[in-house]
Amino acid sequence: MIGPGALRLVLASLVVLSHVSAIKLGGIAVVVFFMLSGYWVTRQFRTKYLHGPRPVVTFYLARFLRLWPPYVAAVLVWSCQPQSQRRE
């Protein structure tokens with residue numbers, strides 16, 4: 001059985017495929033991706049954080065620390081591009 005991470009990778013690949021080809025499965029892939037992600041995040045909260053001290057604060061801090069570094073890296077890469085190559 002494949003895990004949720006592998007399934008989300010397949011769904012994200014379908015979205016990319018729908019952008020570059022005539023196969024149009026991106027819409028349903030996005031819906032399923034977000035449904036699976038919502039389930040996965042809720043499951044992680046319940047199993048990992050709910051029984052600890054200050055579960056909501058700990059959960060959001062962990063999410064922030066996980067999402068912030070790639071966001072900053074993407075902004076830095078984008079800002080280092082010449083103005084003529086930026087897609088705004």
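In helix α1, the residues Leu11, Val15 and Ser18 are buried, where buried means under 20% relative accessible area, exposed means over 50%, and partly exposed falls in between (1.4 Å probe, protein chains only). Around the axis they cover an arc of only 65 degrees, which puts them on the same side of α1; the arc is taken from the directions from the helix axis to the C-beta atoms. This is a predicted model, so local features need pLDDT of at least 70 and side-chain atom pairs count only at pLDDT 80 or more, while totals for chains, interfaces and linings use all residues. Residues are numbered from 1 along each chain as its sequence is written, and side-chain values use heavy atoms, with hydrogens and water left out.

What do the buried residues of α1 pack against? They pack against α2, with contact meaning heavy atoms within 4.5 Å. Turned away from that buried side, the other face of α1 carries the exposed residues Leu9, Val16 and Val20.

Now for the surface. Val16, Leu17, Val20, Ile23, Leu25, Ile28, Val31, Val32 and Met35 make a nonpolar patch of about 810 Å². The elements giving two or more residues to this patch are α1 (4-20) and α2 (26-49), and α2 gives the most, with 4 residues. Helices here are DSSP runs (H or I, at least four residues), numbered from the N terminus. Patch residues have over 30% relative accessible area and no salt bridge, and nonpolar side chains (Val, Leu, Ile, Met, Phe, Trp, Tyr) are joined within 5 Å. A salt bridge would be a side-chain nitrogen of Lys or Arg within 4 Å of a carboxyl oxygen of Asp or Glu. Areas come from the Shrake-Rupley method with a 1.4 Å probe, with only the protein chains shown counting as cover for residues. One of the patch residues, Ile28, is found in α2 and is exposed, with a relative accessible area of 54%.

Note on methods: Patches are made of residues with over 30% relative accessible area and no salt bridge: like charges are joined within 9 Å, nonpolar side chains (Val, Leu, Ile, Met, Phe, Trp, Tyr) within 5 Å.
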